[in-house]
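Here's a quick walk through a structure, meant to be read with the model open beside you.

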Amino acid sequence: MNEFRHRQAAHCESGVVSSMLSHHGLPLSEPMAFGLASAMSFAYLPFIKIGGMPLIAYRMPPRWIIRRASKRLGVRFVSKTFRNHKRGMDALDRQLDAGQIVGLQTSVFWLPYFPDEMRFHFNAHNLIVYGREGDEYLISDPVFEEPVRCPAADLQRARFAKGALAARGLMYYPVKVPQRIDYERVIPAAIRTNEKIMARAPFPVLGVRGIRFLADNLIRTSKRSDARKRLPLYLAHIVRMQEEIGTGGAGFRFLYASFLQESAEQLDSRALAEAAEALTAAGDRWREFALAAARVSRKRSEMNIDELADLLRDCATREAEVWQLLAQWQASDRLRDGAQA
Amino acid sequence: MERRKVPQDAACSTYGGHRKLVYAVDDDGHYTGVQSLGWEAESEVTRLAIEEFEALRDEAWLRAHHGLTSPLEVHMYERRMDLPLLAGASGIWRWRVRRHFNPKRFARLSPRLLRRYAEALGLDVATLKQLPPRRSSSS
């Protein structure tokens, strides 16, 4: 069996990347994996429906973290999908027998070790298999405190569940891992990409503007004729997207703030530390919004939609300030580099 | 969020006794991972989503009982799926799935189609064809 240490993470994909690369000799925290992949975002996507509700995303789409983090760090992953279920399981076994730890994309619903209340149909969950014993696989699921076990038949079903974001048995493992990270280079590049996503998105439903769009949409929804039935479900839907299944709190805002703080220490930058604090404050507002929205959706407090929308707008303003701080930091950084050259 | 303010609402938790990792700052302003036993806001919306599926299932059960829909619709909600999800998971177009909610059509379904539904729902074909026993909402 492989010498592998399980580490709990807030989010499955950044957790898998962080654990896998650390295992292969490149120590990397979860916030670093998330931040270097420029994975924080906001998107209100009305044409993708989940249970009749628009998709509201607080991060970039699945697979983004693995792709972007590996590109930025110079890691090479081998990924394979399978048509044939049995071949997919055999390929996994071969890698495990060869001593490799293997990342898998799976459905959440069909993993029996998930508590019943957490089982929903989401096909882009990530986990690490680090061994097998008899008919059971030994799994390091990043969102759990301890390693877990899963029977082969269930794991197969979870890997090959069809539908939106279907994994098609996807498995991956790194074949080339560098031994060090050039933080001076990768942190500014990662932040620049993320600043583009959040502050300079080409559509009004993306980035900081997307948050304001959601606030306006909340008010529009409250004026629909079916608002009494739809609004509580809509609010619940938003809060679930923000807090359920591993966002590290406040829809990845605390995770990214933690990345900014770690970056501030790496680069000894006062500006980055300030940005981290400002984003933490924005995250706190998101948590306030979640609490208020949950109460309204449960009808435990009066519907005051204007107040909820204002909370969202405040989140948007605060985040806009964070990205402005970061843009200024980049500009002054370039200036300093120019002076040195 | 400050470390001391990380919610530990175990009583209403939807984590099934597990603890989830969130990021919070300690007294010196440093970020650390903190385990949380549950949060009221999250539990409430999770429960709401589950109850919505249960309500749909019970309502479909009544209609199936009166011969107005097929067991397929009941099984679908029982598995926390809706029409687009079941269509995606079975690879059968939505309009066809909708037609299979007709009890007469469902009764005549080919073994091949039944197997595809059974596979998508994680049931055996015999169970799929039967209306499951009635369940109470507050399970």
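F252(A) sits in the loop that runs between helix 8 (227–243) and helix 9 (253–267) of chain A. Keep in mind that this is a predicted model. F252(A) has a positive phi of about 75°, although it is not a glycine.

- At a relative accessible area of 3%, F252(A) is buried, because anything under 20% gets that label.
- For background, most residues other than glycine have a negative phi.
- R63(A) also has a positive phi, about 80° here, and it is not a glycine either.
- You'll find R63(A) in the loop between strand 2 (53–59) and helix 3 (64–73) of chain A.
- R63(A) has 18% relative accessibility, so it counts as buried.

**Helix 6 of chain A**

- Helix 6 of chain A covers residues 183–199, which makes 17 residues.

- V177(A) is in the loop between strand 8 (171–176) and helix 6 of chain A.
- With 17% relative accessibility, V177(A) counts as buried.
- V177(A) and G25(A) are 152 residues apart along the chain, yet their C-alpha atoms are separated by 7.8 Å.
- R228(A) has its place in helix 8 of chain A, and at 72% relative accessibility it counts as exposed.
- R228(A) and F203(A) are 25 residues apart in sequence, and their C-alpha atoms are 30 Å apart in space.

**Salt bridges**

- How many salt bridges are there over all chains? The count comes to 31.
- As a reminder, side chains of opposite charge can pair when their charged atoms come close.
- In chain A, the side chains of R270(A) and E274(A) form a salt bridge, with N and O 3.8 Å apart.
- R270(A) and E274(A) are four residues apart in helix 10 (residues 270–297) of chain A, so about one helical turn separates them.
- R270(A) is exposed at 54% relative accessibility, while E274(A) is partly exposed at 36%.
- Over in chain B, R4(B) makes a salt bridge with D27(B), and their closest N and O atoms are 3.6 Å apart.
- This pair links distant parts of the chain: R4(B) is in the segment before strand 1 (20–25) of chain B, and D27(B), 23 residues away, is in the loop between strand 1 and strand 2 (31–36) of chain B.
- The C-alpha atoms of R4(B) and D27(B) are separated by 8.8 Å.
- Both R4(B) and D27(B) are exposed, with D27(B) at 68% relative accessibility.
- R63(B) and E73(B) meet through their side chains in another salt bridge, at 3.1 Å from N to O.
- That pair also links distant parts of the chain, ten residues apart: R63(B) belongs to helix 1 (residues 40–65) of chain B and E73(B) to helix 2 (residues 71–78) of chain B.
- Buried or partly exposed: which is R63(B)? At 25% relative accessibility, R63(B) counts as partly exposed.
- E73(B) has 7% relative accessibility, so it counts as buried.
- Back in chain A, R285(A), E288(A), D314(A) and R318(A) are joined into one network by salt bridges that share partners.

**A positive patch on chain B**

- Which residues gather in a patch of positive charge on the surface? They are R96(B), R99(B), R112(B) and R115(B).
- Helix 4 (94–99) and helix 6 (111–121) of chain B each supply at least two residues of this positive patch.
- R112(B) has its place in helix 6 of chain B.
- R112(B) has a relative accessible area of 55%, so it is exposed.

How values were computed:
Residues numbered from 1 in each chain as written. Chains lettered and ligands numbered in written order. Predicted model: local features only at pLDDT ≥ 70, side-chain atom pairs only at ≥ 80, totals over all residues. Heavy atoms only, no water. Expected span 1.5 Å × (residues − 1). Patch = residues over 30% accessible without salt bridge, like charges linked within 9 Å, V, L, I, M, F, W, Y side chains within 5 Å. Areas by Shrake-Rupley, 256 points an atom, 1.4 Å probe, with all protein chains shown as cover. Salt bridge = Lys/Arg side-chain N within 4 Å of Asp/Glu carboxyl O. Lys, Arg positive; Asp, Glu negative; His and termini not counted. Charge placed at Lys NZ, Arg CZ, Asp CG, Glu CD. Buried < 20%, exposed > 50% of the residue type's maximum accessible area, 1.4 Å probe, protein only.
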